[in-house]
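Here's a quick briefing to read with the viewer open. Have a look at the fold, then go through the points below by topic.

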Amino acid sequence: MCLGIPGQIVAITDEARQMAMADVSGVRREVSLAPVALGPLADLVGEWVLIHVGFAMAVIDAHEAAETLEALRGLGEAQEALEQMAEGAKALEDQ
């Protein structure tokens, strides 16, 4: 089973590589927009996407994002994934 976590695109970080910064429950990480880049990347800023292994796999609405995050928190899977992301972000900051 694949776990996709909702995140909101907050900024485009590298237009040429189709990379953006996504906020996932307060944790920011860079993701590839290549799978969902159907138009100008700037149009995706503010949108919610389903993220799996660093790729935005689908654009979803805010309601679906909230419901999914709540369900994942209830299962405990999101907490573990968010902790791993936070550890990864901290490791990058420490470099």
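Some ground rules before going on. This is a predicted model, where local features need pLDDT of at least 70, side-chain atom pairs count only at pLDDT 80 or more, and totals for chains, interfaces and linings use all residues. Residues are numbered from 1 along each chain as its sequence is written, and side-chain values use heavy atoms, with hydrogens and water left out.

**Overall layout**

- The chain has 2 helices and 5 strands, where helices (H or I, at least four residues) and strands (E, at least two) are DSSP runs numbered from the N terminus.
- Reading from the N terminus, the order is β-β-β-β-β-α-α.
- Along the principal axes, the C-alpha atoms fill a box of roughly 35 × 35 × 25 Å.
- Buried residues make up 32% of the 95 in the chain, with buried meaning under 20% relative accessible area, exposed over 50%, and partly exposed in between (1.4 Å probe, protein chains only).
- Take the contacts (heavy atoms within 4.5 Å) between residues at least 6 apart in sequence: 43% of them join residues at least 24 apart.

**Strand 2 and its partners**

- Strands count as paired if DSSP finds at least two bridges between them.
- Strand 1 and strand 2 run antiparallel, joined by 5 bridges, and Ile12 stands opposite Ala20 in strand 2.
- These two strands form a hairpin with 4 residues between them, and Gln18 in the turn has a positive phi of about 60°.
- On to strand 3: 6 bridges join it to strand 2, again antiparallel, with Met21 opposite Glu30 in strand 3.
- The hairpin of strand 2 and strand 3 has 2 residues between the strands, and Ser25 takes a positive phi near 50° there.
- Why is strand 2 largely enclosed by the rest of the structure? Because 5 of its 6 residues are buried.

**Asp23 and the salt bridges**

- Asp23 sits in strand 2 and, beyond four places in sequence, touches Gly7, Gln8, Val10 and Arg28.
- The side chains of Asp23 and Arg28 also meet in a salt bridge at 3.6 Å, N to O; the criterion is a side-chain nitrogen of Lys or Arg within 4 Å of a carboxyl oxygen of Asp or Glu.
- Arg28 is partly exposed, at 49% relative accessible area.
- By this rule the count comes to 2 salt bridges; Arg17 and Asp14 form one of them, with the closest N and O atoms 3.3 Å apart.
- Asp14 is partly exposed too, with a relative accessible area of 23%.

**The nonpolar core**

- The largest nonpolar core has 22 residues, and those with the most contacts inside it are Ile5, Ile9, Val24, Val31, Leu33 and Ile51.
- Strands 1 (5-14), 2 (19-24), 3 (27-32), 4 (48-52) and 5 (55-60) and helices 1 (62-75) and 2 (77-94) each supply at least two residues of this core.
- Such a core is a set of buried Ala, Val, Leu, Ile, Met, Phe, Trp, Tyr and Cys residues joined through side-chain atoms within 4.5 Å.
- Leaving out residues up to four places away in sequence, Val24 touches Ile5, Pro6, Gly7, Ile51, Leu82 and Met85.

- Ser32 is found in strand 3 and is buried, at 7% relative accessible area.
- Beyond its neighbours within four places, Ser32 is in contact with Gln18, Met19, Gly54, Phe55 and Ala56.
- Leu50, in strand 4, is partly exposed at 26%.
- From Leu50 to Ala65 is 15 residues in sequence and 7.9 Å in space, C-alpha to C-alpha.
- Asp43 is in the loop between strand 3 and strand 4 and counts as exposed, at 53% relative accessibility.
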